[in-house]
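Reader: I am new to this structure and would like to learn how to read it. Could you walk me through it step by step?

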Amino acid sequence: MSKIVSFINYKGGVGKTTLAVETAVTLAKEHGFKVLVIDLDPQTNATFYLVDEKHWEQWAEERGSLKDIFDAAIAEETLDIGNLIMENRFDCVDLLPSHLELLPVDLKLAGKWGAESSEAKMIIKDNLGPVIDERDYDL
Ligand SMILES: Nc1ncnc2c1ncn2[C@@H]1O[C@H](COP(=O)(O)OP(=O)(O)O)[C@@H](O)[C@H]1O
Ligand SMILES: [Mg+2]
């Protein structure tokens, strides 16, 4: 059974990204947990903490990023989410990278399901749940 640990705060610059990545790496490396880092922030700082920009650019173009999960849901298309998960500079964790163009996704979601909809949460839950179970992530 996997656990989800979230690092969330409206305020910027308080250490969310640093703590998220360092916690993930420590739990994987020192404690042997199987960890997937999910970067939900359009600023993509956690992504660039783990992979260099050129590698990400190529990956996002050829394989995709978190943004493609929302785009596929909006277009009502299916997507192989496992295909989006990247190796990175730490062998011990996997990464689901974010995308700078994730920012307008809220507007696109509101256009389809209304501003008050909790569809974003459901899209994440419905799409990532099965991959997390399949790949047997602890965290
Ligand atoms: N424990 C810490 N001590 C000193 N500097 C830190 C610490 N944690 C983060 N930082 C630095 O503070 C800045 C903001 O951290 P970051 O993790 O990017 O915050 P957030 O994700 O909340 O915007 C970065 O330059 C980071 O290197
Ligand atoms: Mg951050």
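Predicted model: local features only at pLDDT ≥ 70, side-chain atom pairs only at ≥ 80, totals over all residues.

Reader: Thanks! Which residues are around ligand 1?

Author: Start with the list of neighbours, then look at individual atoms. The residues around ligand 1 are Gly12, Gly13, Val14, Gly15, Lys16, Thr17 and Thr18. Sorted by class, this shell holds 1 nonpolar, 5 polar and 1 charged residues.

Reader: Which atom of Gly15 lies 2.9 Å from an oxygen atom of ligand 1?

Author: For Gly15 it is a backbone N or O atom. Lys16 instead brings a polar side-chain atom, 2.8 Å from an oxygen atom of the ligand. Thr18 also has a polar side-chain atom by a ligand oxygen, at 2.5 Å. Taken on its own, ligand 1 has 560 Å² of accessible area, and the protein covers 43% of that.

Reader: Now the charged side chains. How many salt bridges are found in the whole structure?

Author: The general idea is that side chains of opposite charge can pair when their charged atoms come close. A search of the whole structure finds 3 salt bridges. In one of them, Asp71 meets Lys67 at 2.7 Å, N to O. These two residues are 4 apart in helix 4 (residues 66–74), so about one helical turn separates them. Lys67 counts as buried, at 15% relative accessibility, whereas Asp71 is partly exposed, at 23%.

Reader: What does Lys108 pair with?

Author: Its side chain meets that of Asp71 in a salt bridge of 3.3 Å, N to O. Because Lys108 lies in helix 5 and Asp71 in helix 4, the pair ties together parts that are 37 residues apart in sequence. Lys108 is partly exposed, with a relative accessible area of 36%.

Reader: And which residue forms a salt bridge with Glu76?

Author: That is Lys112, with the closest N and O atoms 2.7 Å apart. Lys112 is in helix 5 and Glu76 in the loop between helix 4 and strand 2, 36 residues apart, which links distant parts of the chain. Glu76 counts as exposed, at 64% relative accessibility, while Lys112 is partly exposed, at 33%. Finally, Lys67, Asp71 and Lys108 are joined into one network by salt bridges that share partners.

Definitions and conventions: Residues numbered from 1 in each chain as written. Chains lettered and ligands numbered in written order. Heavy atoms only, no water. Near = heavy atom within 4 Å. Polar contact = N/O pair within 3.5 Å; in protein donor to acceptor, adjacent residues only side chain to side chain. Areas by Shrake-Rupley, 256 points an atom, 1.4 Å probe, with all protein chains shown as cover. Nonpolar A, V, L, I, M, F, W, Y, C, P; charged D, E, K, R; others polar. Salt bridge = Lys/Arg side-chain N within 4 Å of Asp/Glu carboxyl O. Buried < 20%, exposed > 50% of the residue type's maximum accessible area, 1.4 Å probe, protein only.
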